[in-house]
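Welcome! Please have a look at it, then read on.

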Amino acid sequence: MLILRIGSDQTLFGIEQRSLFHRAGMLCEQTQSLHEATEFLRTYDYNIVLLDQFLRDGPCHEVVRKLRAAGCSVPIVVLGDSATPRMKALSLDQGADDYITLPCAPEEVLARIRAVVRRSTGHAGSILRAGRAEFTLDQRQVRVGGKSLALSKREFMVLELLFLKQGCTVTKTALFNHLYCGQDEREMKTLDVIVCRLRKKLMAAGMPPLIETVWGFGYTLRVENATTVDPIPSALPATAVAPRNSAQILVMATV
């Protein structure tokens, strides 16, 4: 998961944020400038924006308004430790997806981040499914036919983005930035190697081809039988009622 934080604080809960997000399988970039943030958002496909309450470009609700006016559709979560109910309401009304009041347990913040990202891609639950493959976002597990699949961090991140964007083609550039976000000088063919290893592991687990190559563009997840929840019947089956014959009907007549 790729995060852009706009603000000056390099920590969360007294923990260096890169370390915190890294342990949760997330990458975080940071800027203090709205102008620079806008340029970053045009360059990279971030999954979420974390916005500090007070910024050099103005209060958080004004920054949210400017980001939305600039065409930013990425989910935005505001972090604040002294917000009034009015400031929270203004931020949400201007386009923020959540407002987290600090201090707050790290586990809750990470869970809220996952929930906002999940909902923004059309998934209500934390378990995403495609055929026999099951991807659990909060536990960071992949199962095929109920059995856990051992994946490297990079393999997990590739599959995470494909599951979140299932039904859409994800460009190689988007996947590459999702993995490295300019933090590591790697060649694009590194991504091809990761996808190749991922395909082999899925097939070895008995999964039919799940990741398709869209030549000259990127990759997509096969969506046949893909769902995030078990299908719910549209209506309960009608109760069968056996017809009565004339012998079962008692007719009483009065004389």
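Helices (H or I, at least four residues) and strands (E, at least two) are DSSP runs, numbered from the N terminus. By that definition, the chain holds 8 helices and 17 strands. This is a predicted model, in which local features need pLDDT of at least 70 and side-chain atom pairs count only at pLDDT 80 or more, while totals for chains, interfaces and linings use all residues. Residues are numbered from 1 along each chain as its sequence is written, and side-chain values use heavy atoms, with hydrogens and water left out.

**The chain as a whole**
- Of the 255 residues in the chain, 43% are buried (under 20% relative accessible area, with exposed over 50% and partly exposed in between; 1.4 Å probe, protein chains only).
- Among contacts (heavy atoms within 4.5 Å) with a separation of 6 or more, 61% join residues 24 or more positions apart.

**The largest pocket**
- A pocket is an open set of points on a 1 Å grid over the protein atoms alone, where a 1.4 Å probe fits and protein lies on both sides within 12 Å along at least five of seven lines; lining residues have an atom within 4 Å of a point.
- The largest pocket has a volume of about 440 Å³, a volume being the space filled by probe spheres set on the grid points, which are joined across faces, edges and corners.
- Its lining has 24 residues, and Tyr-44, Asp-45, Tyr-46, Ser-73 and Val-74 lie nearest the centre.
- Helix 2 (34-43), helix 5 and strand 14 (169-171) each supply at least two residues of this lining.
- The largest pocket lies between domain 1 (2-121) and domain 2 (154-221), because both give residues to its lining; the domain bounds come from an automatic or database domain assignment.

**Helix 6**
- Helix 6 (residues 153-164) has 12 residues and spans 16 Å from first to last C-alpha, close to the 16 Å expected at 1.5 Å a residue (1.5 Å times one less than the number of residues).
- Since 10 of its 12 residues are buried, helix 6 is largely enclosed by the rest of the structure.
- Phe-156, Met-157 and Leu-164 are among the buried ones.

- Arg-118 sits in helix 5 (residues 106-120) and counts as buried at 14% relative accessibility.
- Beyond its neighbours within four places in sequence, Arg-118 has contacts including His-123, Leu-137 and Leu-164.
- Val-63 belongs to helix 3 (residues 60-69) and is buried, with a relative accessible area of 1%.
- Leaving aside neighbours within four places in sequence, Val-63 touches Leu-34, Leu-51, Leu-55, Asp-57 and Gly-58.
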